[in-house]
Amino acid sequence: MIEFRLNGEAVRTDDAPDTPLLWTVRDSFKLKGSKYGCGAGLCGACTMHLDGQAVRTCILPIAAVAGKDITTIEGLGTPDSPHPLQAAWEASSVPQCGYCQPGQIMSAAALLSANPNPSGEEVETAMAGNICRCGCYPRIKQAILDVAKAGHEVQV
Amino acid sequence: MNAVNFSRRKFLRNTGVAGGGLVIGISLAGCGGGLPALRGSPGSLVPNAFLEITPENIIRFVCPRDEMGQGVTTGLTTLIAEELDVTPSRIQIALAGPHPDYDNPAFGMQATGGSTSIFAHFTQLRQVGADVRALLLRAASEDLGVPVSSLGTDDGHVLLGGARHPFGDFAATAREPPLPEETPLKRASDFKYIGKDFPRLDGMDKATGRTEFGIDVEVPGMMRAVVRRSPVIGGTVKRINSEAAAAMPGIAHIVQIEEGIAVVSEKYWQAKQAADALDIEWSLPALADVTSAQVKADYKAAMDAEDGDATGEQGDLSAGFAAASDTVEHDYWTPYLAHAPMEPMNAVVHVEGDRAAVWCGTQGIGAARSIVAKVAGLDAEHVEAHSTYLGGGFGRRGTLTHVAEAAQISKATGKPIHLLWSREDDMKSGFFRPASLMRIKAGIDDSGQVSAWFAKRVGGNIMPDVVEQMLPFMLPNAVPDGVVNWLAGAVEGAMDGWIVDGVSVEGLFEDYDFPNREVRHVTKDHGLPLAFWRSVGHSFTAFAKETMMDELAEMSGLDAVEFRVRNTRNNPRLQNVIKAAGDHMRRMRPTAGRHLGFAAHHSYRTDVAEVAEISVENGAIRIHKVLCVVDCGLAVNPDVVRAQMEGAIMFGLTAALHGEINIDAGEVTQSNFHDYPILRMNEAPEVEVVIIDSDAHPTGVGEPGLPPIAPAVANAVYAATGKRLRSLPLKLV
Ligand code: FES
Ligand code: FES
């Protein structure tokens, strides 16, 4: 039995300790916003926050999150109360197919909370782990810079 | 259904579908069984397959095309919204299940692809909106006791004097037939939404993780399946030892299907681990003897030794070469490619006695239903099919083997099955963009005209693979398998024997005047399954054609733009795009160490020219900026057009810089994003898109941005280094 906090709520699971967090969140807790893209830490589609840090959950066993705070895209914001990045994503029509976008936004949110005013190059470096096959990169980058510039309080 | 229908582009040519005059196949009756999305609330107005207006004035649009990121839900909703007179964001969007009313007018079947959606539905869906608005006005005039002429509309309301009456108030009265037909459409100058920028309608759901993709589907009692397939595509199970796997926690079933062995559990991770523990020996197919080097060598031998089939002849080629002052000949190589959409293949299927259901994100939900019906031994009417959003398509989701697999597993276990392919499965066991060897020999005369153009391609054809895959599922179940196989073989033979598959050479010869030309095709197929891949034939032909045009421009002493202008006298729309991009190029003024390359291409009725600004550092090519000029007729949502150009450029850059699928002893050597790298943000250029102002009928947008980018970069590399690169991916060392 492993216990942790998921989007602010205490949860527990019987999943085997080597189960990647992604699959526990998707299959056992039925939160589908975090995506599977590669299963090997290469694409960022599965990105969540562990105690505020962006982590690749397809290769993170749940044994490693016991007692930790996990935030998924569902915990970041909702259509009624979106995170500033989510609002910017909508306003700038960032998503195409949208499949990579929860991971992109979780990485971007972690970046802005660590570095509220990144340069273009810093954005590129921080986001290089997130693949977007639809090629939304110019808009992702611009939306992050827009949010940073607007000086939103970014909290994770 | 006639097999020719599968030739998505050829079909289009044969039937001559034109901009206007599309037949609207909408039935007022029969909206029961086949339209799950529209089994609306009681009291709703459901005038046709596309719209529902509830008494509460909720307006639902059933989108007939599949949303794979290209913005089709936004685009098609805009068409309805414009004529119905409702703000697009007020309309709720549902995704269509299979029904003939949702056929793509360009194909005569329910499929999304070929950059056709806006082109094919532009008139049809506006007509739907206009007719329903007329219906609501008629009902309002009856209910309010005033003539229609005294009424107006605004954002889902009927206006009378100062009063606003929601459309929904008239839903009951409007249910009386007949539905008005051929209501006059708005003039372009009156458009409120078409041609205007506003945010995509699916943006917030996608930014908050709420969009449901196939991988996210949950149905009660659902189990998860993972399949182990032959390392060489097409191999079959010879011997299986499943003892270790069966003993692993949570494993409910292990079943053999046509493609391999399926492991079923309540949890994906358990199924995945047990599948990895299976001990399987495979019987390998002929493909097992093939390596990439062999493919290349075979193509080269065929290029030199075989004449192949002729197509696209014009004028007198030898006279053209005789008139040439300069002649040049080169070969161009482009490899196999994977589509690698971010969402790997998956499907949920439940076969339950005499009924079945399927949920998936696909470019052809009707075919998905037929496949499930065929596997389950049911009539298609007894299979419910639900579309989800697609986590990328690019042609990969026009293939459906994963649906057939899920159906087999569900049939064997009696459970609803969620089948997920891993990234490795997708990379190694999927379908691929065919490899090509192309040869171009061209002559130019003293006036800078291309006087002779000989182009030849060697490679596999996509159409026979598509037909072979789809035909068994598109015929009635009553047709015996033997007949189906014979038919599939006959179609394939026919395509190999006496016609050139149009998509194998498209784009190799059509764009320029070329008064004397000849195109030949030699089919060489080593058995790797082939599929449409974003921009299909254009994805490789544009590279050969446009790098050759650059070389000819230099030989002629003209600049890249002027040379192309001189050779597009018969193609004014492409010529105009070339000129416009040339004007922008002259203003680009790259700083020291940066160089420009130009390319232009016509595909999917759309003309695009691109300028790449690059630098070369230590042999590495870096793309800093891309300028893209596009004429796609009227841009229904200009920002979506810009996004598609940006996306197609990134997709094309992945192919230009990294993309390569190789085979060794028949096995695909790439497996995941470490050895099949996708362009990342730190490699992505800034993109500027210029849309030519036009009120012509809209043309393709999803694919045409892709073909010019690889040659634009290759031409810039030549400007930077003096080296002509004639193979993809581009490598300097
Ligand atoms: S799915 Fe985790 S990094 Fe790709
Ligand atoms: S939006 Fe499709 S992969 Fe990023």
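Hi everyone. A quick definition before we start: domain bounds here come from an automatic or database domain assignment. With that in hand, for chain A the assignment gives domain 1, residues 2-76, and domain 2, residues 84-149. Please keep in mind that this is a predicted model.

Let's stay with chain A for a moment. Taken over C-alpha atoms, the centres of its domain 1 and domain 2 are 20 Å apart. Where they touch, domain 1 of chain A brings 16 residues and domain 2 of chain A brings 14 residues.

So which elements give two or more residues to the side of domain 1 of chain A that touches domain 2 of chain A? They are strand 3 (47-50), strand 4 (53-56) and helix 2 (73-76) of chain A. Strand 3 of chain A has the largest share, at 3 residues. If you sort that side of domain 1 by class, you get 7 nonpolar, 8 polar and 1 charged residues.

Now over to the two chains together. In the contact between them, 49 residues come from chain A and 46 residues from chain B. On the chain B side, the elements giving two or more residues are helix 5 (203-207), helix 7 (268-276), helix 19 (638-657) and strand 26 (686-691). If you have the structure open, have a look at helix 19 of chain B: with 7 residues, helix 19 gives the most to the side that touches chain A. And by class, that side of chain B holds 22 nonpolar, 12 polar and 12 charged residues.

That's my tour of the two contacts.

Conventions:
Residues are numbered from 1 along each chain as its sequence is written. Chains are lettered from A and ligands numbered from 1 in the order in which they are written. This is a predicted model: local features need pLDDT of at least 70, side-chain atom pairs count only at pLDDT 80 or more; totals for chains, interfaces and linings use all residues. Two residues are in contact if their C-beta atoms, placed from the backbone, lie within 7 Å. Helices (H or I, at least four residues) and strands (E, at least two) are DSSP runs, numbered from the N terminus. Ala, Val, Leu, Ile, Met, Phe, Trp, Tyr, Cys and Pro count as nonpolar, Asp, Glu, Lys and Arg as charged, and the others, Gly among them, as polar.
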